[in-house]
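User: I have a chain open here and would like to go through it piece by piece. Can you take my questions as they come?

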Amino acid sequence: MGTELAVMAVTTAVSIAQQRAQARAQIKMQNAAMNRQIEAQNAQQRIQEKQQRDKQKQEQASARAGFGARGVGSASGSAASVVDGIAARTDEQIADNQGLNELGIENLRANQSARNRQNLLQTQNSIVSSIVGTAGKAMQGMSRGGVNGLAMGLRQVNPALGTALMAFTGMKKALPGLNA
């Protein structure tokens, strides 16, 4: 009887290890996807910032040319204020966009963290259900017919395990010196 319980324990342990490994792999893939999405958002932010800086340079050059055509220097006075205002407006827009990008990234990370917790809880629940189900089937089988009943109960949960247990108990009967 101890051998059958040991086989059940090993099988359950292997199943738990597989479920945990699958959960870790899934989390790793989801985190990698999130990191790619963050990198894409950051790249988009850099492109947008460059476009805004290019637009700023064009607007400043246009303003300076307009002032120069009227004979007004753009290095001082109200003309300089206009040119500086263009730069300040661009800096504000870039800062606002960076803040939105950071908020979006923070939101991605929070959502991924929640998904990771949910995946781990689902895995944990699955493991507990597997253990309880295996133990329940084993107990039902034992109450119905000893080792063979145990094997039949296990076959309902895991056909390969139940068949292996039946074959193993058959070997024990065929080899009386085997006391595993």
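User: In which helix do E59 and K55 lie, and how many residues apart are they?
Analyst: E59 and K55 both lie in helix α1, four residues apart, about one turn of the helix. Helices here are DSSP runs of H or I with at least four residues, strands are runs of E with at least two, and both are numbered from the N terminus. This is a predicted model, in which local features need pLDDT of at least 70 and side-chain atom pairs count only at pLDDT 80 or more, while totals for chains, interfaces and linings use all residues. Residues are numbered from 1 along each chain as its sequence is written, and side-chain values use heavy atoms, with hydrogens and water left out.

User: What joins the side chains of E59 and K55?
Analyst: A salt bridge, at 3.9 Å from N to O. The term stands for a side-chain nitrogen of Lys or Arg within 4 Å of a carboxyl oxygen of Asp or Glu. K55 and E59 are also linked with R89 in a network of salt bridges.

User: Is E59 buried or partly exposed?
Analyst: E59 counts as partly exposed because its relative accessibility is 24%. Buried means under 20% relative accessible area, exposed over 50%, and partly exposed in between, with a 1.4 Å probe and protein chains only.

User: How many salt bridges does a search of the whole structure find?
Analyst: Five. One of them joins the side chains of K50 and D54, at 3.0 Å from N to O. K50 and D54 both sit in helix α1, four residues apart. K50 counts as exposed at 53% relative accessibility, and D54 as partly exposed at 32%.

User: Which salt bridge links distant parts of the chain?
Analyst: D91 and R53 meet through their side chains in a salt bridge of 2.6 Å, N to O.

User: Stepping back, what is the overall makeup?
Analyst: The protein has three helices and zero strands, so the elements run α-α-α from the N terminus on. Of its 180 residues, 24% count as buried. The accessible surface comes to about 11,400 Å², of which 57% belongs to carbon and sulfur atoms; the areas come from the Shrake-Rupley method with a 1.4 Å probe, and for residues only the protein chains shown count as cover.

User: Which residues form the largest nonpolar core?
Analyst: A63, F67, A79, V83 and I86, five residues. The elements that give two or more residues to this core are α1 and α2 (77-157), and α2 gives the most, with three. A nonpolar core is a set of buried Ala, Val, Leu, Ile, Met, Phe, Trp, Tyr and Cys residues joined through side-chain atoms within 4.5 Å.

User: What does A63 contact, leaving aside its neighbours within four places in sequence?
Analyst: V82, V83 and I86, where contact means heavy atoms within 4.5 Å. Q60, also not counting residues up to four places away, touches V83, I86 and A87. Q60 lies in helix α1 and counts as buried at 10% relative accessibility.

User: Now Q112. Is Q112 buried or exposed, and why?
Analyst: Q112 counts as buried because its relative accessibility is 2%. Q112 is found in helix α2, and its side chain makes a polar contact with the side chain of Q30 at 3.3 Å. A polar contact is a pair of N or O atoms within 3.5 Å; within protein, one must be able to donate a hydrogen and the other to accept it, and residues adjacent in sequence count only if both atoms are side-chain atoms. Beyond four places in sequence, Q112 touches I27, Q30, N31 and M34.

User: Last topic, confidence. Which element has the lowest mean pLDDT?
Analyst: Helix α3 (residues 159-174), at 53, whereas α1 has the highest, at 87. pLDDT is the predictor's confidence in each residue, from 0 to 100. The mean for the protein is 79, and 68% of its residues reach 70 or more.

User: And where does pLDDT stay under 50?
Analyst: Over residues 171-180, for which the model has eight contacts beyond four places in sequence. Where pLDDT is low, the predicted coordinates should not be read in detail.
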